[in-house]
Amino acid sequence: MKRNTYFDNAATSFPKPPAVAAAMSRYLNEVGGSYGRSAYSRAFDVARTVETTRDRLAERMGVRDAEHVVFAANATHAINLVLQSVLRRGGRVLISPLEHNAVTRPLAAFAASCGASFEQLPHFADGRVDPDRIEELITPDTVLAVINHQSNVNGVIQPLAEIRRRLGAVPLLVDASQSFGSIPLAVDDWQVDFLAFTGHKALLGPTGIGGLYLRNPAAIEPLIYGGTGSSSESFDMPDFLPDRYEAGTLNIAGIFGLLAALDDPPASRHSREEFRRFIEELQSIPSLRVLCAERFQDQGDVVSFVQAGRDPATLGHMLFDRFGIETRVGLHCAPLAHQTLGTFPTGTVRVGVSLYHSAADFSYLTEAIRECIRL
């Protein structure tokens, strides 16, 4: 079996299942047509694929009402859809200490423009939110909580069900960019209000396609206004789902590819125990600090490390130049997480694993790191 040296899956997964490219090619070269705009066989084929994909996504996230899943370009688009509606008149937002710039940059913009504010939730050393201390931070002007389900820096998984329970009436927006596809979700059971996702990471789909689940659509205004193919006689956006939030032509080729990924997931080439041993091997390397969850039960498929006295960029480049290993170095668009974990401003070397990695791939990476450290 060919060695897999691509460890940047937290940015975008690679490789994709072969069915993804085949499905996208089928749409571009054979099917064609738009969604929700026409009434002929080509358009019906597209509509079936779009709605089947919506149904599959709802099933995977544990949602009964599939029409409450709307498509967007990516998780950042979906997050902005919620934030720019909820915070138009200001308000206070509680966030985890491991948020991505997809959350912190819009929040900072609203803080500057309309007086909105945001505050980190109490947490443990690895960034996992402490549910027992949430209620002490809730005030009458708290309008939202935002939680990154799985950190893209150290892979910590947040206890969503318990966080949701402790928030009471405060709505919860979950950023599932890293978790959806690798961690089982139970969105209805957890009573999550909003869940943003992207298709190009653990779901193994193409870039440019993601979406948002909305439990209570009445609370959210559209982010983009325009044609939907429905209620065309009115200048107002439709008041029904999913059309209200899907102005303009969808990324249909991306949806075809995403459905293929959902319908044809590969079997994992490594076990959970082999991943645990990989982290333990990293932790055994002298001079290496490994950023991961304090408890392995809270560990997702992302881990970072730094070597004392060496810039992470240097170590990352050595891994690539000498061993062909592709990682991500720096701040990973998550400066708040690095401030929390004590690795700001230089960041870390990040390893994002996928189902396509084997125990042998982990061993190759571990030995490469040992060799680089000796140099």
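User: Which residues does Gln 307 touch, not counting residues up to four places away in sequence?

Analyst: In this predicted model, Gln 307 touches Ser 287, Leu 288, Leu 315 and Ile 373. Gln 307 itself lies in strand E9, and its side chain has a polar contact of 3.1 Å with that of Arg 310.

User: What makes Gln 307 count as buried?

Analyst: Its relative accessibility is 10%. Buried means under 20%, so Gln 307 qualifies.

User: Okay, on to the rings. How many aromatic pairs does a search of the whole structure find?

Analyst: Eight aromatic pairs turn up.

User: Why is the pair of Phe 180 and Phe 197 called edge-to-face?

Analyst: Look at the angle: the planes of Phe 180 and Phe 197 are at 85°, and over 60 degrees counts as edge-to-face. Their centres are 5.5 Å apart, and the limit for pairing is within 6.5 Å. So Phe 180 and Phe 197 are an edge-to-face pair. The pair links distant parts of the chain, 17 residues apart: Phe 180 is in the loop between strand E5 and helix H6, while Phe 197 is in strand E6.

User: How do you know that Phe 180 is buried, and what about Phe 197, buried or exposed?

Analyst: Phe 180 has a relative accessible area of 1%, and Phe 197 comes in at 0%. The cut-off for buried is under 20%, so Phe 180 is buried and so is Phe 197.

User: Why is the pair of Phe 275 and Phe 296 called tilted?

Analyst: Their planes are at 50°. Stacked needs under 30 degrees and edge-to-face over 60, so the rest count as tilted. With centres 6.2 Å apart, Phe 275 and Phe 296 meet the pairing limit of 6.5 Å. Phe 275 is in helix H8, and Phe 296 is in the loop between strand E8 and strand E9, 21 residues apart.

User: What makes Arg 3 count as sitting over the ring of Tyr 364?

Analyst: The charged end of Arg 3 is 3.8 Å from the ring centre of Tyr 364, and the distance cut-off is within 6 Å.

User: And the cysteines: why is Cys 114 called partly exposed, and what is Cys 292?

Analyst: Cys 114 is at 28% relative accessibility. Cys 292, at 14%, counts as buried.

User: How many disulfides are there?

Analyst: The count comes to zero, with a cut-off of 2.5 Å between cysteine sulfur atoms.

Note on methods: Residues numbered from 1 in each chain as written. Predicted model: local features only at pLDDT ≥ 70, side-chain atom pairs only at ≥ 80, totals over all residues. Heavy atoms only, no water. Phe/Tyr/Trp six-rings, centres within 6.5 Å; stacked < 30°, edge-to-face > 60°. Helix = DSSP H or I, 4+ residues; strand = E, 2+ residues; numbered from the N terminus. Buried < 20%, exposed > 50% of the residue type's maximum accessible area, 1.4 Å probe, protein only. Lys NZ or Arg CZ within 6 Å of the ring centre and 35° of its normal. Polar contact = N/O pair within 3.5 Å; in protein donor to acceptor, adjacent residues only side chain to side chain. Contact = heavy atoms within 4.5 Å.
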